[in-house]
Amino acid sequence: MADAHAAGQTILVVGGGISGLTTAVEAAETGYNVLLVEKDPHLGGRVAQHNKYFPKLCSPTCGLEINYQRIKNNPRIRYLTLAEVEEISGSEGNYTVRIRKNPRFVTEACTGCGDCSAVCTTEVPDPFNFGMNQVKAIRNNHAMAFPSWYYMDPEFAKTEAAKTVAKSCPVGAIQPDMEATIIEEQVAAVVWATGWKPYDAEKIRPYGFGQYANVTTNMRFERLANVYGPTSGKIVRPSDGKEAKKVAFIQCAGSRDHNYLPFCSRVCCLASMKQAAYVRDQYPDSEVTIFYIDLRAMDRYEAFLQKTRDDAGISWMKSKPARIEEDANGNPVVIGENTLTGERYALPFDLVVLATGMEPHSAVDAKVPFAGASQDDYGFVTGGVLAAGCAAMPTDVASSVQSATAMAMKAIHAAVKRG
Amino acid sequence: MEPKKIGCYICTGCGIGDALDLKALKAIATKEQKIPVVKDHALLCGSEGVAMIQKDLDDGTVNAVIIAACSHREKSAEFRFDIDLMERVDLRDKGIWLLDVKEGDETAEEDRQMMAEDYLRLGSVKMKKMDIPSPFLHSEGSKDVLVVGGGLAGLTAARDIAKAGYNAVLVEKSDTLGGKMNSMLKVTPDNLPPYRDMADNFIGALISEVEADNRIKIFKNATVTKTSGQPGQFDLIIKNASSTKEIRVGSIVVATGFDLYDPAKLPANLGYGSSPDVVTSAEFEKMAKEGKIVRKSDGQPAKRVAFALCAGQRDKEHLDYCSGACCIYSMKQAMYVIDQFGIDASTYLIYQEIRTPGQMEDFYRAAQEKGAVFIKGDVTGVSGQAKGGVAVQVNDHLMRGKESLEVDLLVLATGMVSTVDTTDPNVASPVGTGRDELPGSILNLQYRQGPSLPRLGASGFPDSHFICFPYETRRTGIYVAGPARRPMGIAATMTDASGAALKAIQAVEAVAQGVAVHPRSGDLSFPSYRAEGCTQCKRCTEECPFGAINEDDKGNPLFNPARCRRCSTCMGACPAKVISFANYSVDMISTMIKEIEIPEEDEEKPRILVFACTNDAVPALDMMGRLRSPISPYIRIIPLRCMGSLSLVWIADAMSKGFDGVLLMGCRHGDDYQCHNVRGSALAENRLSKVSETLQRLKLESNRVKMVEVNIMDAETLPGVIGSFVEQISNLNPNPYKGF
């Protein structure tokens with residue numbers, strides 16, 4: 001625990017995704033102390049699950065790696081994983097926060113050697129890959145995960161098998177009886193950077209996600225295309241493992257719609273264009289169709305739209321499909337009316353990807369636990385604490401970083417006022 | 001300086017002790033490398049192991065530490081000692097984990113041991129060649145920040161800088177603050193609810209706040225005619241009609257906003273100039289602000305107004321990008337008409353795609369509910385009417401076909417053009433999109449590479465091409481904010497300005513500590529050169545991606561350490577090998593290359609040297625280790641700061657030493673480059689094009705040296721890349737220089 005003066009200068013950042021990481025490193029490199037709290041076992045958040053970024057089609061891991069290096073090199077940043085902020089009281093410049101640190105069942109002595117995972121025979125659905133495959137009950141999410149300490153599933157920790165696995169650790173880092181701890185901290189500013197979760201596609205009943213195996217979502221598709229995903233990057237149909245060469249992307253699946261998410265998530269058009277490139281790169285004879293309402297390639301991203309348009313293997317349908325059915329061969333059939341021509345269509349595909357939108361965590365499972373906090377109708381944070389990235393609005397990575405850097409500045413204002 | 005007392009600490013945990021002959025390894029450190037203190041521990045990163053090292057440091061036995069354990073990317077918190085010199089030797093991730101050794105396979109075991117011994121040699125000579133970097137400090141540095149541009153972005157940046165406790169110098173070229181916001185009647189909602197409603201223009205309050213802040217010094221009617229020096233010591237000349245001021249600042253925010261695309265250049269079908277009743281959005285806004293929403297032809301109320309979106313935008317002949325704000329802005333203007341004329345108003349928005357991202361979808365909905373009519377289509381022609389107003393021919397894409405709209409006014413939503421000169425000294429055709437001529441330089445930088453802020457991407461904006469680091473520019477300590485950087489609306493501009501202001505104060509703090517900013521944040525080292533060896537070839541001053549090096553009259557380099565990002569491109573560029581860093585030099589790597597043991601030809605153990613960029617290739621190799629993805633035991637890896645630091649001397653050294661091949665792993669370059677130093681890997685590739693001369697001189701095959709692009713996620717494909725290179729090399733005769 002830092003001394004009273006330093007504690008007054010500490011900035012709490014909640015959420016270790018690209019926004020939270022950015023606020024943390026930018027504030028720390030300006031000279032302020034940062035406490036970064038992440039609810040998952042590793043930092044990186046939603047972007048760590050992405051295969052590539054648009055428009056450069058580069059790996060998110062590259063930018064995350066720089067940020068991790070900056071954290072490793074900067075003693076001003078403390079980070080907690082598997083931790084959640086339970087309560088905030090006080091006011092700007094002088095908050096008291098209560099943080100629950102959930103057990104990892106593996107201490108920081110872990111060297112990442114992987115012996116435990118090799119010994120462990122219990123497998124569980126992999127949450128990192130949206131349950132599309134099974135993984136060991138003790139693991140880390142991927143080879144680039146940071147911090148690289150392994151973690152154990154809480155349910156597994158209760159079993160006898162966990163004790164056997166614990167014995168395999170050459171450094172004694174595994175502790176299946178580890179318990180949650182509560183930490184209290186004084187901070188000058190709180191930056192809420194809890195990001196988003198994919199909107200639950202099962203709620204969009206006409207599209208049959210959850211009912212038809214070959215209807216998937218954009219985030220699942222990111223994992224499907226990733227070399228560490230459930231199919232080692234092979235784009236195949238979930239139903240039969242057949243190569244998915246005829247792929248449909250349905251934009252605004254549940255977005256811009258009062259029945260589901262009334263707002264636009266900003267990134268989905270560009271994300272689908274990027275995912276269309278995954279398909280086209282993997283299968284030169286593939287055919288991609290993008291169903292859209294408006295193509296939202298804002299500002300400079302227009303060039304990416306043009307590049308995508310130049311690919312003759314990608315066709316465009318201005319239409320919000322009415323529904324999806326399944327034919328006798330297990331092909332999802334997209335049914336609707338072409339808005340430009342008025343013609344009705346019923347088109348079969350190998351795979352349909354629903355471009356679902358962003359539901360802010362702050363609306364559902366990461367509400368700001370502070371009486372002074374406010375949010376808009378959709379659950380985005382609007383006041384009481386500072387909000388960065390997708391906790392404030394649905395947006396892309398570059399804009400999240402822009403917002404997160406701005407919030408580092410606002411947090412410093414609070415710290416200066418206090419100091 | 002105290003003499004270097006090196007301690008080498010070998011970890012035997014994670015299988016290292018089982019795989020390697022510790023006694024032999026320690027002998028390399030003690031007998032061969034003459035390291036005075038050599039110790040081992042079964043778990044070096046554990047509290048006991050760390051305490052063992054700390055004790056040696058505390059009692060003065062050791063002041064420089066070699067940790068021979070895992071990758072430097074692991075256990076950084078445990079091995080964080082308060083010392084100036086530390087080197088990590090990776091025996092694990094890129095060592096034993098990268099080799100597939102079957103129990104009892106003596107040859108493989110021997111190869112593994114040789115590899116570990118070589119890595120220990122490399123770490124040892126590197127440590128011996130390393131000096132303590134002392135920070136570049138300047139006693140008369142400034143922490144003040146120059147903000148150029150007194151519009152929304154500049155005012156926001158200046159206010160935020162002042163609120164953080166720093167002084168700002170705000171330079172505005174006109175006689176008023178507020179910029180384009182001054183002409184706005186209302187503004188679109190500031191990303192705060194209610195998103196459906198227009199908000200009051202707040203610029204007056206912001207101007208008052210800035211004017212009242214005694215930390216902000218304001219120069220109106222003024223421009224920056226000269227900027228020389230470097231972060232912490234930017235010396236400015238600020239001129240207005242009557243006076244010239246010389247001021248020193250530490251960093252700079254450029255917030256000069258945008259120009260509107262010249263409507264005279266718009267395609268003829270949009271009718272600008274054909275009738276006074278065709279106006280731009282900016283002209284319409286001014287009319288609304290003055291309370292005159294009227295036909296310009298005859299002053300009659302303009303109750304029927306059409307808005308042509310994307311006017312001269314998303315069009316290869318004009319602006320090929322979208323300005324991002326015009327849809328929302330035009331909806332706001334339609335609301336003005338509807339609010340003023342109520343039931344008599346008719347507004348039409350003729351659009352390609354409606355772009356109202358995020359919560360702004362609510363604003364779109366509100367415009368529809370208020371009665372604005374949205375037509376997806378093109379304006380194909382405009383004709384003036386004798387009775388005033390214009391007839392707008394529209395090709396409606398949604399089945400309605402061609403129609404003619406008779407309106408009082410047609411408003412053209414023209415796009416934003418950056419005001420920043422983004423000439424790249426190394427790229428031809430410097431004129432940015434949408435301009436016939438370069439904009440005048442805003443800062444007039446006195447840099448060897450010219451006065452501009454070189455672009456990083458393909459557009460005419462000085463926007464960074466780093467998705468993850470949007471504020472990066474190629475001129476350290478200078479950050480561009482708002483629509484000068486990238487087209488954006490009001491809310492985004494304010495956010496952007498706050499972020500750029502943060503980067504600006506971060507830069508002055510880094511300079512005050514004498515450390516680098518992103519991407520090598522905190523690095524203390526900086527380049528210096530040996531003047532007597534310099535041939536004034538100017539490669540360093542031309543190639544530096546950040547324009548850090550000026551020249552004196554004779555062509556000698558003048559380093560500006562605070563501009564430097566420590567990528568070492570200058571070092572790699574220098575054919576005379578005179579540029580070095582305290583802890584990184586051509587000589588250091590050369591010595592390391594020479595230290596590696598090359599088996600005699602008859603042993604049939606080829607050696608292949610890998611230069612791996614520390615940013616992407618090294619983590620990818622680490623990941624291969626984690627995945628236990630085996631590679632040839634003949635590989636020796638030397639990490640480089642950036643491929644840009646590659647000196648061709650090293651290739652010659654490796655060949656003379658008897659290496660059979662050299663594989664270089666750099667980052668992607670070109671338009672979608674991933675090099676953290678923008679041009680490092682591109683420059684390295686360029687240099688390599690001359691390597692065949694070296695190889696010819698040595699009478700060696702040119703395919704012994706190869707450069708590959710390695711992405712951080714290439715751990716799955718990299719073993720194949722390495723494997724095929726090893727195979728290619730093994731098809732050649734051994735390097736005849738072995739044993740010389």
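Predicted model: local features only at pLDDT ≥ 70, side-chain atom pairs only at ≥ 80, totals over all residues.

Modeller: One term first: a helix here is a DSSP run of H or I with at least four residues, a strand is a run of E with at least two, and both are numbered from the N terminus.

Biologist: What is the peptide bond from B:His518 to B:Pro519, cis or trans?

Modeller: The bond from B:His518 to B:Pro519 is cis, with omega near 5°. Chain A has a cis bond as well, from A:Phe146 to A:Pro147, where omega is near -5°, and A:Pro147 also belongs to a loop, the one between strand S8 (138–139) and strand S9 (151–152) of chain A.

Biologist: Let's stay with chain A. How many helices and strands does its secondary structure come to?

Modeller: Chain A comes to ten helices and 24 strands. Its radius of gyration is 23 Å, close to the 22 Å that the globule rule gives for 419 residues, so chain A is as compact as a globular protein of that length. Along the principal axes, the C-alpha trace of chain A spans about 70 × 50 × 35 Å.

Biologist: And what share of the residues of chain A count as buried?

Modeller: The buried share is 59% of the 419 residues of chain A. As for contacts in chain A with a separation of 6 or more, 67% of them are accounted for by residues 24 or more positions apart.

Biologist: I was looking at helix H3 of chain A. What should its 13 residues span, and what do they span?

Modeller: Helix H3 of chain A covers residues 60–72, and at 1.5 Å a residue it should span 18 Å; its end C-alpha atoms are 18 Å apart, which agrees. H3(A) is mostly covered, with twelve of its 13 residues buried, among them A:Cys62, A:Leu64, A:Glu65 and A:Arg70.

Biologist: What covers those buried residues of H3(A)?

Modeller: The cover includes two elements of chain A, helix H2 (18–28) and strand S3 (77–80), together with helix H14 (617–626) of chain B.

Biologist: That brings in the partner. How many residues of each chain are in contact with the other?

Modeller: On the chain A side there are 65 residues, and they are in contact with 69 residues of chain B. The elements of chain A that give two or more residues to this side are H3, helix H9 (302–309) and helix H10 (397–418); H10(A) gives the most, with 13 residues. By class, the side of chain A that touches chain B has 32 nonpolar, 18 polar and 15 charged residues.

Biologist: What does the model score on ipTM and pTM?

Modeller: The scores are ipTM 0.96 and pTM 0.97. For chain B, the mean pLDDT is 94, and 97% of its residues reach 70 or more. However, pLDDT stays under 50 over residues 428–434 of chain B, a stretch for which the model has 16 contacts beyond four places in sequence.

Biologist: How is chain B divided into domains?

Modeller: Chain B is divided into domain 1 (1–132), domain 2 (145–259 + 418–513), domain 3 (262–414), domain 4 (528–579) and domain 5 (585–740). The C-alpha centres of domain 3 and domain 4 of chain B lie 54 Å apart.

Biologist: New topic: backbone angles. What is the phi of B:Asn444, and what is the phi of B:Arg566?

Modeller: B:Asn444 has a positive phi of about 50° although it is not a glycine, and B:Arg566, not a glycine either, has a positive phi of about 65°. B:Asn444 is found in the loop between strand S22 (416–418) and strand S23 (478–480) of chain B, while B:Arg566 lies in the loop between strand S26 (557–559) and helix H12 (569–573) of chain B.

Biologist: Is B:Arg566 buried or exposed?

Modeller: B:Arg566 counts as buried, because it has 27 C-beta neighbours inside 10 Å and the cut-off for buried is 20 or more. B:Asn444, with 18 other C-beta atoms within 10 Å, is partly exposed.

Biologist: Last one: which residues is A:Val227 in contact with, leaving aside its neighbours within four places in sequence?

Modeller: A:Val227 is in contact with A:Ser232 and A:Gly233, and across in chain B with B:Met713 and B:Glu716. A:Val227 lies in the loop between helix H7 (218–225) and strand S14 (246–253) of chain A, and it is partly exposed, with 16 other C-beta atoms within 10 Å. A:Val227 and A:Asn51 are 176 residues apart in sequence and 8.2 Å apart in space, C-alpha to C-alpha.

How values were computed
Residues numbered from 1 in each chain as written. Chains lettered and ligands numbered in written order. Rg over C-alpha atoms; globule rule 2.2 N^0.38 Å. Contact = placed C-beta atoms within 7 Å. pLDDT = per-residue confidence, 0-100. Domains from an automatic or database assignment. Expected span 1.5 Å × (residues − 1). Nonpolar A, V, L, I, M, F, W, Y, C, P; charged D, E, K, R; others polar.
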